[in-house]
Amino acid sequence: TLWSVLKDKAENPGRYVPGFIESEVLERNPDNMLCRLYTDRFDIVERITVDEDNHAVYFDLLDHPDVIGLLINKIEKEPSVDGYLILSYAYDWQQRQSSGEADDMSDIIQNALQRAKEIAEKQEEDKQ
């Protein structure tokens, strides 16, 4: 369930991203897609790659006003000690030289992942 929600998050960011306005797929390939995302804070172009084997989704920020780099959402292979799946995220960003003070997007990332968690938990509840 969580994996299907992460893939849905890549395809339908409006369900997950705070301040979402609109998105469009600019290019679609068998293993990734190029998208433009409009929010109330910024507009970006990102290449999204879904890695089925590793249960990871990679968001490569190609055109962002402040930063360039990669964001990864991943379901860890080993569950927690109490048996729950672990949803992790990591990002490696560098500030663009031409930008002033970069927008700290950690709140957007954390809120989007929290929303994904809530949707997955609700889907699991509905199955029971």
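Reader: In β2, which residue is the bridge partner of E27?

Author: L34 is the bridge partner of E27 in β2. This is a predicted model.

Reader: What makes β1 and β2 a pair?

Author: Two strands pair if there are at least two bridges between them. β1 and β2 (residues 32-39) have seven. So they meet the cut-off and count as a pair. Their sense is antiparallel.

Reader: Which strands make up the open sheet, and in what order?

Author: Six strands build the sheet, in the order β1-β2-β3-β4-β5-β6. The pairing is antiparallel. In general, strands of a sheet pair through backbone hydrogen bonds.

Reader: Why are β1 and β6 said to stand at the edges?

Author: β1 (20-28) and β6 (87-95) each have a single partner strand. One side of each is therefore left without a neighbour in the sheet. Ignoring direction, neighbouring strands are turned against each other by 20 degrees on average.

Reader: Where do the helices lie?

Author: Helix α1 (residues 2-11) lies across β1, β2, β3 (43-51), β4 (56-63), β5 (67-75) and β6. α1 runs at about 15 degrees to β4. Helix α2 (residues 106-127) lies across β5 and β6. Its angle to β6 is about 160 degrees.

Reader: What makes α1 mostly covered?

Author: Seven of its ten residues are buried. They are L2, W3, V5, L6, D8, K9 and A10. Their cover includes β2, β3, β4, β5, β6 and α2.

Reader: Why is D8 called buried?

Author: The cut-off is under 20% relative accessible area. D8 has 19%. So D8 falls under the cut-off and is buried. Its place is in helix α1.

Reader: What makes the link between the side chains of D8 and N12 a polar contact?

Author: The N or O atoms of a polar contact must be within 3.5 Å. The side chains of D8 and N12 stand at 2.5 Å. Not counting residues up to four places away in sequence, D8 touches R15 and Y16.

Reader: How do you know that S88 and E76 meet, and at what distance do their side chains make a polar contact?

Author: Their side chains make a polar contact at 2.5 Å. The C-alpha atoms of S88 and E76 are separated by 7.0 Å, with the residues twelve apart along the chain. S88 is in strand β6. Beyond its neighbours within four places in sequence, S88 contacts I72, N73, K74 and E76.

Reader: How much space lies in the largest pocket, and what lines it?

Author: About 440 Å³ lies in the largest pocket. A pocket is an open set, unlike a cavity. The lining has 14 residues, with L2, L85, L87, K117 and E121 nearest the centre. β6 and α2 are the elements that give two or more residues to this lining. α2 gives the most, with seven residues.

Note on methods
Residues numbered from 1 in each chain as written. Predicted model: local features only at pLDDT ≥ 70, side-chain atom pairs only at ≥ 80, totals over all residues. Heavy atoms only, no water. Helix = DSSP H or I, 4+ residues; strand = E, 2+ residues; numbered from the N terminus. Axes fitted to C-alpha atoms, helices over the stretch in contact; angles between N-to-C directions. Contact = heavy atoms within 4.5 Å. Polar contact = N/O pair within 3.5 Å; in protein donor to acceptor, adjacent residues only side chain to side chain. Buried < 20%, exposed > 50% of the residue type's maximum accessible area, 1.4 Å probe, protein only. 1 Å grid on protein atoms, 1.4 Å probe; cavity = no way out; pocket = protein on both sides within 12 Å on 5 of 7 lines; lining within 4 Å. Points joined across faces, edges and corners; volume = space filled by probe spheres on them.
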